[in-house]
Amino acid sequence: MYTIKVVTLFHLSLLFTIHLSPSISKLALASHGSLRGEWHLLHESIGISAMHMQLLKNNKLVIFDRTDFGPSNLSLPDGRCRSDPDDEVLVRDCTAHSVMYDIGSNSFRPLTILTDTWCSSGTVLPDGTLVQTGGFNDGDHVTRTLTPCARRDCDWNEFPDSLSRRRWYATNQILPDGRIIIVGGRAQFNYEFYPRNYGDGSIRLRFLREARDGSENNLYPFLHLLPDGSLFVFANTRSIVLDYKRHRVVREFPAIHGGDSRNYPSSGSSVLLPINENATPVRVEVLICGGAKNNAYEQADQGTFLRASSTCGRLRISDRHPAWKMEAMPMPRVMGDMVLLPNGDVIIINGAGSGAAGWEAGRNPVTRPVIYKPDGESGNRFSIMAASGRPRMYHSTAVLIPDGRVLVGGGNPHIYYNFSGVDFPTDLSLESFSPPYLSPHYDRLRPMIVEIDETLGYTAPFLVRFRVPEFRRMSEVSVRIVAPPFNTHSFSMNQRMVVLRWDEAASIGGDVYEVAAFGPSTAEIAPPGYYLLFLVHSGIPSSGVWIKIQ
């Protein structure tokens, strides 16, 4: 157990454009949707365009793009250069294509990638090591690892020919036993596991071939690990449950309504809604938002940019007869990123209003995020947020960080870096979005975790001690864990939130309170590894604290 003695895990200077009375009332809290949050520019340039992004347990982010863009705007340290005779652009390259960003110091340093990581995938192992898989050209059979460390010389390690098949536009998911399943990729209608045992190959998944159409629209399939240990797989408009242990499809669901495609290049996004272990029975529900017509990519190539999808679909997998329930978003969006926020809301950020993913294929940037409240009243679940001044469409990213902000970067619809003479120049900047719950208006409701165990066992009891200036009631308290995902191409792989079971809470004295909670029930509900734990009070989250589940 450790004690946190600082007021917040990160000191922020947050400014909001809407100022409300300092008094907090139930009415003011209920109407917090009128707050629109705020954007903050962190760096005008980090030297690379943020195509892939992963938060690590040491509060650093690994960010990378691809090697065959040509030179980036950030040199490798100490005169170092990369020599790659197979690179399609630069055989000798002295610039970085990956960086390590430190949240606390708002600083970054270059990392060294040797082979091409374009349109790859990734997962964090239970020990906190990032495993990145595949890419393009000489990188498509490569795995790469990066282990967090306190030193400033941590860097990528590469393992050639460690994948059985080419993995370009594939999707990863961590499994309850700590392995990774890697599904699909361009012209790959199969899956495999990491680590790969000697002699292991890939396993055919005919569903991926069946879901492919003339524009593909089956790339970067959406994967969600279900509480029974099986795998939800969605591609194009169709979805199944895969028993990856017995290598068979055990269930197929109706096609999502409306006919719009939802996967690359008609890129929508998807999340598994929070799993609440206090509910009986536990509800399992998938949310998919945005996308495009199935021929949007071909039409864009001919100069016609079709309106993106403006619908979301919810599928409650735990129902006896699951059926899609459709909702309308406030605006159409393709290439949006869906991020689970600590209070259980979903932010949809980045993207375009027309076209598709791909080179020069998107138009009408959607610069306003929306926040979706899964438990809100039907027809009134969306709130429109403040607009960013920067369009972020193809190859943009977004991830949640421990203080509750959403870090946003990238945006490059061009085959190379292109900064002039185009409608949407390559964007090398990094910015953050502060959702409404970070407004100073809610400071008196904001809890601060002061004591918690660093390691949680399955079903094991533990205590969370916290402070809050203006306590409401225990029924408005929840303890949540979030698995930080690997984000690229509008999908956050391994993203997961579990609302932990709790049975009692008490006042310790003054403004200090204590909640008795329990670790997750099974590794199927929360695979082993590092999570951010948030305490939410009256809809307002604390900063996140890293815990390890084992």
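**Cysteine pairs in a predicted model**

Tutor: In this predicted model, C149 and C154 form a disulfide, with 1.4 Å between their sulfur atoms.

Student: What makes C149 and C154 a disulfide?

Tutor: The cut-off is a pair of cysteine sulfur atoms within 2.5 Å. The sulfurs of C149 and C154 are 1.4 Å apart, so the pair counts as a disulfide.

Student: Is C149 buried or exposed, and how do you know?

Tutor: Buried means under 20% relative accessible area. C149 has 18%, so C149 is buried. C154, at 5%, is buried too.

Student: Why is the disulfide of C81 and C94 called right-handed?

Tutor: Because the torsion about the S-S bond is about 95°. This pair links distant parts of the chain, 13 residues apart: C81 is in the loop between β4 and β5, and C94 in the loop between β6 and β7.

Student: What makes C289 and C312 a link between separate parts of the sequence?

Tutor: The sulfurs of C289 and C312 are 2.1 Å apart and form a disulfide. C289 lies in strand β23 and C312 in strand β24, so the pair ties together parts 23 residues apart in sequence. C289 and C312 are both buried.

Student: How many disulfides does the structure hold?

Tutor: It holds 3, in the pattern 1-2, 3-4, 5-6.

Definitions and conventions. Residues are numbered from 1 along each chain as its sequence is written. This is a predicted model: local features need pLDDT of at least 70, side-chain atom pairs count only at pLDDT 80 or more; totals for chains, interfaces and linings use all residues. Side-chain values use heavy atoms; hydrogens and water are left out. Helices (H or I, at least four residues) and strands (E, at least two) are DSSP runs, numbered from the N terminus. Buried means under 20% relative accessible area, exposed over 50%, partly exposed in between (1.4 Å probe, protein chains only).
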